[in-house]
Amino acid sequence: MNKLIFLDIDGVCNSTNDHKAIFKLTGKPTFMGPPKLQPGEQFTRENLNWSKRKTEWIHGICSQTGCDIVISSTWRETFPFAHQYIAMFQAYGWPAPVINTTPITGGTRGDDIEAFINQSGFDGNYVIIDDGSDFTAKQKENLVQTDRNVGLTVDDARRAVDILNWEE
Ligand SMILES: [Mg+2]
């Protein structure tokens, strides 16, 4: 664990535009946020409504940097375990190297990431991929802020690789 992505989901793996497109195509309104699963129901592309292309760009970041993923999205209030996110990515054809979720401190998302770093003793390179900006000045040096309407782009992914592969 010497490189990490702190990964948000809404506005990163999905986007407002994708949801509008799904609605136009299917007539079925969809919403950001975690799916409400019935007992025994598996994660599928239909209940997640992520963009496959965006998962491929996250895959690209991981294969070019060897990084692991820690989920910092509010989805962890519903799905707190790493294996649940591995299963979500698997629905898009790739069992992502998700190793953990950040603790819920009751503070900002930046506080949650800070708590994870302090508790784990992590001292490698990290990037925060998030459509929000609720981070400390120091964390913002490692932030790739996505556009909620668009989600993760290939340019965002390139910037994340540069941050993770940066050497002093
Ligand atoms: Mg978000």
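**View 1. The buried side of helix α3.** In this predicted model, the residues of α3 that count as buried are K54, T55, W57, I58, I61, C62 and T65. These residues lie on the same side of α3, because the arc they cover around the axis is only 160 degrees. Elements that cover them include β1 (3-7), α4 (82-90) and α7 (154-165).

**View 2. The opposite face of helix α3.** Turned away from the buried side of α3 is a face that carries the exposed residues K52 and S63.

**View 3. The length of helix α3 and the residue that follows.** Helix α3 spans residues 52-65, 14 residues in total. From its first C-alpha to its last, α3 reaches 20 Å, close to the 20 Å expected at 1.5 Å a residue. Just after α3, G66 adopts a positive phi of about 70 degrees.

View 4. Seven helices and five strands make up the elements of the chain, and from the N terminus on they run β-α-α-α-β-α-β-α-β-α-β-α. The radius of gyration is 15 Å, close to the 15 Å given by the globule rule for 168 residues, so the chain is as compact as a globular protein of that length. Along the principal axes, the C-alpha atoms fill a box of roughly 50 × 35 × 25 Å. Of the 168 residues, 39% count as buried. Among contacts with a separation of 6 or more, 70% are between residues 24 or more positions apart.

Note on methods:
Residues are numbered from 1 along each chain as its sequence is written. This is a predicted model: local features need pLDDT of at least 70, side-chain atom pairs count only at pLDDT 80 or more; totals for chains, interfaces and linings use all residues. Helices (H or I, at least four residues) and strands (E, at least two) are DSSP runs, numbered from the N terminus. The expected span of a helix is 1.5 Å times one less than its number of residues. A residue is buried if 20 or more other C-beta atoms lie within 10 Å of its own, exposed if 12 or fewer, and partly exposed in between; C-beta atoms are placed from the backbone. The arc is that of the directions from the helix axis to the C-beta atoms. Two residues are in contact if their C-beta atoms, placed from the backbone, lie within 7 Å. The radius of gyration is taken over C-alpha atoms; the globule rule is 2.2 Å times the number of residues to the power 0.38.
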